[in-house]
Every structure is written in C-alpha cells, then in structure tokens.
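Dear colleague,

Please find below the structure that I am handing over to you. My findings follow it.

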Amino acid sequence: MVTTTTTTTTPASTPKKTKFSSNVSDPVADLLTRIRNANTAYKDELVAPTSKLSKAVLVAHEGFIAGYEREGEGVHQLFRVRLKYGPRKQRTITGLRRVSKPGRRIYRGRGDLPRVMGGLGIAIVSTSHGVMTDRDAARNGIGGEVLAYVW
C-alpha cells in the first residue's frame, strides 16, 4: 500500500482567505458560540459573519470586548472581533448564555427585565428602539426580547 501526500504552498504575498460558514439558522447563537470558544482558548481575535443583528449584539457588549471592525467587500464581509483580557490574561467574559431561541422566544416587560449576576453582567435585549443592554432598556422604560446574558 502506497500513501501519497500532496501539499500546496501559497506565495507570501497572497493574503490568507478566511473561510467560514455563513449559512446558519441562528446568527446570534453562532456569534456567541464563536466568542465563547475563542475566549475559552485565549484567542486575541476571532472572525464572524456580518449581519445587522450581529453588529448590534457586538455594540451591546459594552466593556466585555476590546473592539471590532468590518472587513471585506460585498458578500465576503466579516467582523474581526478583538477580545479583552485582564493584566495576567484573566478573562473579562466568564460566561455567555443564549436566552431567547428561534424555537422559544423569551420576552420581558419593562418591570421584569433580568439582572445578570446581581448587576455585574448584562442582558442583551432587542427592543422596539433597537438592541440594547438591560440597563439602557430600564432607563428608557421599555421591554423586549431577551437575546443573551453576558457575565
């Protein structure tokens, strides 16, 4: 039995293409899973497909991520998210949990908004005024669909 192995090399000037599956039924869960996996592996950055809802969720992460930028053109756009760590590589995100799912939507009124970890974490809420944190929704006096908890 003969085994052959072929390797292909690319020139150093060719940028590496990042491939990912953007055909997912729940883009918010996909984004949160990518963040959770990269955070667990102590990665400095991750790549995720773009969408308006994904951008709103990234903006709502307040101080839990270092930042993000959009790269690419047309249908090949992606977000490059930079994760934030403490001085000795301590995680700023210790947990992420998707609350409202496509099979079961969870809505909360303005008086029933959840407090995550006694106020140390945030709940990301999709309201009629856009995606915001639980504190912003309470300040504005509106409720909505609870997308995720971050602590």
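Helices (H or I, at least four residues) and strands (E, at least two) are DSSP runs, numbered from the N terminus. On that basis, Ser-54 belongs to helix H2. Please note that the model is predicted: local features need pLDDT of at least 70 and side-chain atom pairs count only at pLDDT 80 or more, while totals for chains, interfaces and linings use all residues. Residues are numbered from 1 along each chain as its sequence is written, and side-chain values use heavy atoms, with hydrogens and water left out.

Ser-54 is buried, at a relative accessible area of 3%; buried stands for under 20% relative accessible area, exposed for over 50%, and partly exposed for what lies in between (1.4 Å probe, protein chains only). Leaving aside residues up to four places away in sequence, Ser-54 touches Pro-27, Leu-31, Pro-49 and Phe-79, where contact means heavy atoms within 4.5 Å.

**The sheet**

An open sheet is formed by 3 strands in the order E1-E3-E2, with antiparallel pairing; two strands pair if DSSP finds at least two bridges between them. Strand E1 (45-49) and strand E2 (65-71) are the edge strands, each pairing on one side only. From one strand to the next, the twist averages 25°; axes are lines fitted to C-alpha atoms, for helices over the stretch in contact, and angles run from 0 to 180 degrees between N-to-C directions. E2 and strand E3 (residues 78-83) run antiparallel and are joined by 6 bridges. Arg-70 has Phe-79 in E3 as its bridge partner. Helix H2 (residues 52-60) packs on the sheet, where it touches E1, E2 and E3, and its direction makes about 155° with that of E2.

**Helix H1**

Helix H1 (residues 27-40) lies across E1 and E3 and runs at about 165° to E1. Val-28, Asp-30, Leu-31, Leu-32, Ile-35, Ala-38 and Asn-39 of H1 are buried. The cover over the buried residues of H1 includes E1, H2, E3, strand E4 (96-98) and strand E8 (144-150). Just after H1, Tyr-42 adopts a positive phi of about 55°.

**Met-117**

Met-117 sits in the loop between strand E5 (107-108) and strand E6 (122-127). Met-117 is exposed, with a relative accessible area of 51%. Met-117 and Tyr-149 lie 32 residues apart in sequence and 9.5 Å apart in space, C-alpha to C-alpha.

Yours sincerely
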